[in-house]
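Subject: Structure handover

Hi there,

Here is the structure we talked about, together with its sequence. Please have a look, and then read on for my notes.

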Amino acid sequence: MTDSQRVAIVTGAARGIGAATARRLAADGFAVAAVDLTEENCADTVAAITAGGGRAIAVGADVSDSAAVDAAVAHVAATLGAPSALVNNAGVLRDNLLFKMSDSDWDTVMSVHLRGAFLCSRAVQKHMVDQKYGRIVSLSSTSALGNRGQANYAAAKAGLQGFTKTLAIELGPFGITANAVAPGFIVTEMTAATAARVGVDFEAFQAARAAETPVRRVGTPADVAHAISYLVSEGAGFVTGQVIYVAGGPRG
């Protein structure tokens with residue numbers, strides 16, 4: 001551990017892709033701030049990192065709340081050091097067909113995915129500009145290309161791609177890159193909940209998705225974390241404004 005250790009913030013780090021990413025970045029040498037709605041939610045993620053000799057803290061914050069985000073980033077900077085990497089992973093599902101989708105279904109998904117990424121990116125960019133270095137990675141999805149029952153989620157994930165490309169243009173002169181990772185079918189609690197919602201056995205659900213994927217398997221959180229690990233590395237400094245599909249094929 002050194003005073004110059006890079007610091008990463010990972011939102012939605014309690015489980016799934018966020019937890020795998022936090023653990024991977026810690027293994028890469030980052031000090032990690034694992035952010036979720038409550039500190040308690042990230043206790044397992046932080047315990048896994050510290051057990052492996054890494055440095056991590058849990059931070060409770062609603063990413064759609066401006067004051068909470070600013071306070072969380074200030075806390076990270078004071079505790080671990082100025083953040084040089086941000087992974088905008090926090091997300092929720094409120095799936096429904098358009099005619100059944102409520103205002104709340106729409107607003108909740110937009111607030112967490114889009115507003116959350118905006119608020120977190122705005123808060124960390126000040127530190128990154130001062131360092132003349134930074135890496136921002138936002139989680140999009142193959143659903144950005146359209147997916148039945150996910151008008152809200154698809155719109156939010158497509159929006160993150162435009163957001164990412166704009167950050168790349170604005171922040172590039174300050175040594176900051178911005179990219180998006182768009183996973184296909186990944187085995188998580190969230191996809192298990194989707195299977196339950198449509199009344200399909202999760203094992204059968206996975207088998208069906210694997211059969212239609214060129215590499216003939218479903219994805220894991222570690223697959224996504226590996227791509228993020230590359231994008232936040234120093235060696236990825238000439239890669240920005242890109243959307244990388246981690247989907248076992250050209251798209252999910």
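Predicted model: local features only at pLDDT ≥ 70, side-chain atom pairs only at ≥ 80, totals over all residues.

Aromatic rings

As you know, a pair of aromatic rings is described by the distance of the centres and the angle of the planes. Searching the whole structure turns up 2 aromatic pairs. In one of them, the ring centres of Phe185 and Phe202 are 6.5 Å apart and the planes stand at 50°, so this pair is tilted. Phe185 belongs to the loop between β6 (176–183) and α6 (189–197), while Phe202 is in helix α7 (residues 202–211), so the pair ties together parts that are 17 residues apart in sequence.

Phe185 also pairs with Phe205, in an edge-to-face arrangement with 5.5 Å from centre to centre and 75° between the planes. Here too distant parts of the chain are linked, since Phe205 is in helix α7 and Phe185 in the loop between β6 and α6, 20 residues apart. Phe185, Phe202 and Phe205 together make up one aromatic cluster. Is Phe185 buried or exposed? With a relative accessible area of 10%, Phe185 is buried, and Phe205 is buried as well.

There is also a charge over a ring: the charged end of Arg6 sits over Tyr133, 3.7 Å from the centre of the ring.

Helix packing

Helix α4 (residues 103–131) packs against helix α5 (residues 151–171) at an angle of about 15°, and their axes are 9 Å apart. Since angles under 35 degrees count as roughly parallel, that makes α4 roughly parallel to α5. The crossing of α4 past α5 is right-handed. If you want to inspect the contact, the α4 side includes Trp106, Met110, Leu114 and Phe118, and the α5 side includes Tyr153, Leu160, Phe163 and Leu167.

α4 has a further partner in helix α3 (residues 66–79): the two axes come within 10 Å and cross at roughly 40°. This crossing of α3 and α4 is right-handed. Among the residues making the contact are Val69, Asp70 and Val73 of α3, and Arg115, Leu119 and Cys120 of α4.

Single residues to look at

Ser140 is located in the loop between β5 (134–139) and α5. Its relative accessibility is 2%, so Ser140 counts as buried. Which residues does Ser140 contact, leaving aside its neighbours within four places in sequence? They are Lys157, Gln161, Ala180, Val181, Ala182 and Pro183.

Lys132, although not a glycine, has a positive phi of about 55°. Lys132 is in the loop between α4 and β5 and is exposed, with a relative accessible area of 53%. Arg216, again a residue other than glycine, has a positive phi near 60°. Arg216 lies in the loop between α7 and α8 (221–231) and is exposed, with a relative accessible area of 56%.

Happy to talk any of this through.

Best wishes

Conventions:
Residues numbered from 1 in each chain as written. Heavy atoms only, no water. Phe/Tyr/Trp six-rings, centres within 6.5 Å; stacked < 30°, edge-to-face > 60°. Helix = DSSP H or I, 4+ residues; strand = E, 2+ residues; numbered from the N terminus. Buried < 20%, exposed > 50% of the residue type's maximum accessible area, 1.4 Å probe, protein only. Lys NZ or Arg CZ within 6 Å of the ring centre and 35° of its normal. Axes fitted to C-alpha atoms, helices over the stretch in contact; angles between N-to-C directions. Parallel < 35°, antiparallel > 145°, perpendicular 65-115°, else oblique. Left-handed = near helix turned anticlockwise from the far one by under 90°. Contact = heavy atoms within 4.5 Å.
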